[in-house]
Amino acid sequence: MPSSTMPTDHVPASPESVFTYGAPQLKFGPGASDEIGYDLSQTGARRVLVVTDPGVAATGHPQRVADQMERFGIEAVVYDRARVEPTDESLQEAVAWAREHGPWDAFVAVGGGSSIDTAKAVDLLTSNPGELMDYVNAPVGGGRAPVNPLAPLVAVPTTTGTGAESTTICVLDVLSLKVKTGISHARLRPALAVVDPALTRSQPAGVTAASGMDILCHALESYTARPYTTYERKQPEQRVPYCGANPIADMWAEKAMSLLAGSFRQAVRHGEDEAARADMAMAATFAGMGFGNAGVHIPHANAYPVAGRVKDFHPKDYPADEPMVPHGMSVALTAPEAFRFTFDADPERHLRAARLLDPAAEQTDDPREFLPAVLTALMRDIDIPAGLGAVGYDEGDVPDLVEGAMKQQRLLATAPRDVTADDVAGILRRSMQLW
Ligand SMILES: [Fe+2]
């Protein structure tokens with residue numbers, strides 16, 4: 001093996017010896033979302049804001065959650081204007097509304113990652129001084145840390161996958177700068193995640209496929225992330241929630257991959273199979289507990305521009321009014337190539353992941369091809385497009401996409417090898433047509 005591909009990119013002078021693990025409290029299972037009123041009554045909350053988006057509001061789940069809180073003497077108000085893909089403007093609008101109609105003792109987010117992230121921003125800025133941009137990651141924002149604890153946030157995901165119920169980050173588009181960035185701080189992590197597989201029963205096949213690929217990549221990227229020991233030793237105040245691959249995150253990622261092996265194809269093909277749905281919900285939760293501590297890397301960095309610079313692709317089973325590459329799909333499209341690139345950093349880990357994801361798959365002659373082969377076979381079976389070309393990109397878009405991906409340094413720094421702009425360009429080019 002040439003030395004340039006050995007996992008020697010990171011040799012710290014003083015290796016990190018400490019890793020951290022954080023997670024919300026968890027309630028899991030069909031019917032779990034019927035108990036939120038009781039759960040919040042135990043915290044002494046009297047006035048609660050339920051944050052959701054118009055699409056999820058139309059399912060009736062948020063109002064049902066609000067209604068059962070009233071039985072416990074809690075006044076619950078529904079804010080249903082969270083934007084799918086939050087922007088600085090949509091978050092500022094939600095914060096202004098919440099400040100005007102507050103104070104609130106607790107927050108409940110019912111919806112996908114967007115509703116949960118909106119609730120995180122609202123919670124932060126109704127508990128702490130300053131404005132949104134003060135807290136957005138530097139250099140885009142001020143990178144300020146909250147001085148006050150946040151009110152309890154209960155996160156109730158209605159799409160499987162995002163992991164927003166487990167993580168410490170709020171993702172947003174800053175419109176004036178055309179950049180996707182985030183606010184990241186341990187205090188943003190929800191106090192309680194309520195995962196109720198009954199809420200995902202109506203999810204169509206295309207959404208299950210894309211969001212399932214998001215779950216899979218959360219597990220696989222955290223499992224192959226830079227080990228925490230390859231970072232320089234940090235002072236406690238320098239520690240960030242994402243600390244690289246570590247034994248605890250590995251355990252969640254491995255279990256998530258095993259659950260996916262048994263349920264993913266079935267949940268896409270037979271959405272009525274409740275056992276498969278429950279396993280997917282559990283896989284999403286487990287993967288969230290892993291990547292919420294280890295971090296994700298190249299496929300997620302690429303996903304930002306792949307989703308953000310969409311031309312006119314309209315995926316099956318998503319609202320037809322706006323072109324979009326769904327998050328999970330945008331992550332999946334460069335994953336086979338990304339894991340071909342990271343293979344040398346830890347071959348055994350890549351092979352083990354492939355075996356966990358498909359215990360029946362025959363190992364390829366070239367071990368480097370095993371994980372990409374398992375991924376593309378799955379993607380074909382669940383009807384993910386055959387590459388970046390199939391969602392509207394061509395060679396001419398590569399420089400633009402590279403520029404967008406290279407802005408995600410926080411994610412690229414979690415990759416197990418150093419990643420240059422040329423490396424990303426190669427991954428994108430070879431992802432135009434995957435089969
Ligand atoms: Fe994701």
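Modeller: A search of the whole structure finds 26 salt bridges, a salt bridge being a side-chain nitrogen of Lys or Arg within 4 Å of a carboxyl oxygen of Asp or Glu. Side chains of opposite charge can pair when their charged atoms come close. The model is predicted, with local features needing pLDDT of at least 70 and side-chain atom pairs counted only at pLDDT 80 or more, while totals for chains, interfaces and linings use all residues. Residues are numbered from 1 along each chain as its sequence is written, and side-chain values use heavy atoms, with hydrogens and water left out.

One of the salt bridges joins the side chains of R64 and D34, at 2.7 Å from N to O. R64 belongs to helix 3 (residues 61–70), whereas D34 sits in the loop between strand 1 (25–28) and helix 1 (36–41), so the pair ties together parts that are 30 residues apart in sequence. Helices (H or I, at least four residues) and strands (E, at least two) are DSSP runs, numbered from the N terminus. R64 is partly exposed, with a relative accessible area of 30%, and D34 is also partly exposed, at 44%. The scale calls a residue buried under 20% relative accessible area, exposed over 50% and partly exposed in between, using a 1.4 Å probe and protein chains only.

Helix 3 also holds H61, which counts as buried at 19% relative accessibility. Leaving aside its neighbours within four places in sequence, H61 is in contact with V56, V110 and L199, where contact means heavy atoms within 4.5 Å.

A second pair is E254 and R352, whose side chains meet in a salt bridge at 3.3 Å, N to O. This one links distant parts of the chain: E254 is in helix 8 (residues 247–269) and R352 in helix 13 (residues 347–357), 98 residues apart. E254 counts as partly exposed at 22% relative accessibility, and R352 is partly exposed at 36%.

The side chains of K311 and D397 form another salt bridge, at 2.6 Å from N to O. K311 lies in the loop between helix 10 and helix 11 (327–332) and D397 in the loop between helix 14 (370–381) and helix 15 (398–406), so the pair ties together parts that are 86 residues apart in sequence. Elsewhere, salt bridges that share partners join E337, R340, E369 and R430 into one network.

Helix 10 (residues 298–308) also contains A301, a buried residue with a relative accessible area of 0%. Leaving aside neighbours within four places in sequence, A301 is in contact with A405, Q408, L411 and L412. The C-alpha atoms of A301 and V424 are 9.7 Å apart, although 123 residues separate the two along the chain.

Helix 9 (residues 274–294) has 21 residues and reaches 30 Å from its first C-alpha to its last, close to the 30 Å expected at 1.5 Å a residue; the expected span is 1.5 Å times one less than the number of residues. Of its 21 residues, 16 are buried, and helix 9 is thus mostly covered. D273 caps the N-terminal end of helix 9, with a side-chain oxygen 3.0 Å from the backbone nitrogen of A275. Just after helix 9, G295 takes a positive phi of about 105 degrees.

The domain assignment gives domain 1 (31–195) and domain 2 (205–430), with bounds that come from an automatic or database assignment. Their centres, taken over C-alpha atoms, are 26 Å apart. The contact takes 17 residues from domain 1 and 19 residues from domain 2. About 1400 Å² is buried between domain 1 and domain 2, and carbon and sulfur atoms give 58% of that area. Buried area here is the accessible area (1.4 Å probe) that two parts lose on being put together, summed over both. T160, G161 and K180 supply 32% of the area that domain 1 buries against domain 2, more than any other three residues.

Returning to charge, the count of salt bridges between domain 1 and domain 2 is zero. Across their interface the rule finds one residue pair in polar contact, both residues at pLDDT 80 or more. A polar contact is a pair of N or O atoms within 3.5 Å; within protein, one must be able to donate a hydrogen and the other to accept it, and residues adjacent in sequence count only if both atoms are side-chain atoms. On the side of domain 1 that touches domain 2, the elements giving two or more residues are strand 6 (169–174) and strand 7 (179–184). Strand 7 gives the most to that side, with three residues.
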